[in-house]
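Here are my notes on the helix packing, jotted down as I went through the model. Have a look at the structure first, then read on.

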Amino acid sequence: LLFFIVGVIIYLEVIMENIEKKIKKIFNLSLASSIIFVIVGLFLFIKPGATISIISYVTGGVLLLMGLISVYKYFTSYSAINLFGFELAYGVLLIIAGLFLVIDTSIFAKVINVILGIWIIVNSITKFQYGFVLKRAKNSDWIYTILVSLLSFIWGIVLLINPFESALTITQIIGIFIIVYAVLDIIDNFIIRRNIKDILSIFKQ
C-alpha cells in the first residue's frame, strides 16, 4: 500500500510538472505574439499603407497555400473520411479568400479591426479567468490581472465597433491600439507567470 501511495504521489507530481511546462509554454508564445504585435503596431502607425499591403499579401499567400494543400489531399487520398468530409470545400474557400486578399489589399484594411478586436477580446477573457484563479489562490496580484484584462477587453470592443472614419486614420489608430494592447498583455503575462505556483496550487486542490 505504501508503494502504491508513493507511486500515486510521484505520478501526480509528474502531471503537475507537465502542466507547469505547458502553461509556461503558452505564456512564452503569448509573450512572443505580443512583441510581434508591438512591431506590427509601430509599422501600421508609421507606414500604414505599405504594412497593410504586406500583411494582406502574406495572409493571402498562406491561405492560398493551405487551400491548395487541402484540395491536393482530397484528390490524392481515397479514404472514406476524406471523400465524405469537407476537405475540398474547405480548400476551395481558403483559395477564394486568399485570392481576394492578394488581388485587393483594401479588403484586409476593412476587416483588420474586426479580426484584431475578436483576438483581443478572446485573449483578455482568457487572462481574466487566470485572474480569478489567482483570487482563489489568495494571491494579491489577482486585482492587477483582472484590471489589465478588463482594459484589454474594452480596447478590443472599441476596435471591433470602429468609430473612426478616415481609412488612413483607422489604420494608424489600429496601430496604436495594437501597441497599447500588446504592452498590457506583456504586463499581464509577467504578473501571471510570476504567480504560476499559486495557479498550479488550485489545480492540485
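1. Axes here are lines fitted to C-alpha atoms, for helices over the stretch in contact, with angles running from 0 to 180 degrees between N-to-C directions. Helices are DSSP runs (H or I, at least four residues) numbered from the N terminus. The model is predicted, so to speak of local features pLDDT must be at least 70, and side-chain atom pairs need pLDDT 80 or more, while totals for chains, interfaces and linings use all residues. Residues count from 1 along each chain as its sequence is written, and side-chain values use heavy atoms, without hydrogens or water.

2. Helix 5 (residues 106–136) and helix 6 (residues 142–161) bring their axes within 8 Å, crossing at roughly 165 degrees. That makes the two roughly antiparallel (the label for angles over 145 degrees). Their contact splits into 16 nonpolar, eight polar and two charged residues; Ala, Val, Leu, Ile, Met, Phe, Trp, Tyr, Cys and Pro count as nonpolar, Asp, Glu, Lys and Arg as charged, and the others, Gly among them, as polar.

3. Helix 2 (residues 48–76) and helix 4 (residues 87–103) cross at roughly 155 degrees, with axes within 7 Å. They are therefore roughly antiparallel too. In their contact I find 17 nonpolar, eight polar and two charged residues.

4. Back to helix 5: its 31 residues reach 47 Å from first C-alpha to last, close to the 45 Å expected at 1.5 Å a residue (1.5 Å times one less than the number of residues). Helix 5 bends by about 40 degrees at Ile-112, the angle being taken between axes fitted to the seven residues ending there and the seven starting there. After helix 5 comes Lys-138, with a positive phi near 60 degrees.

5. How are Phe-128 and Phe-132 paired? They are edge-to-face, 5.1 Å centre to centre with 70 degrees between the planes (ring centres within 6.5 Å make a pair, and planes over 60 degrees apart count as edge-to-face). Phe-128 and Phe-132 are about one helical turn apart because four residues separate them in helix 5.

How values were computed. Parallel < 35°, antiparallel > 145°, perpendicular 65-115°, else oblique. Phe/Tyr/Trp six-rings, centres within 6.5 Å; stacked < 30°, edge-to-face > 60°.
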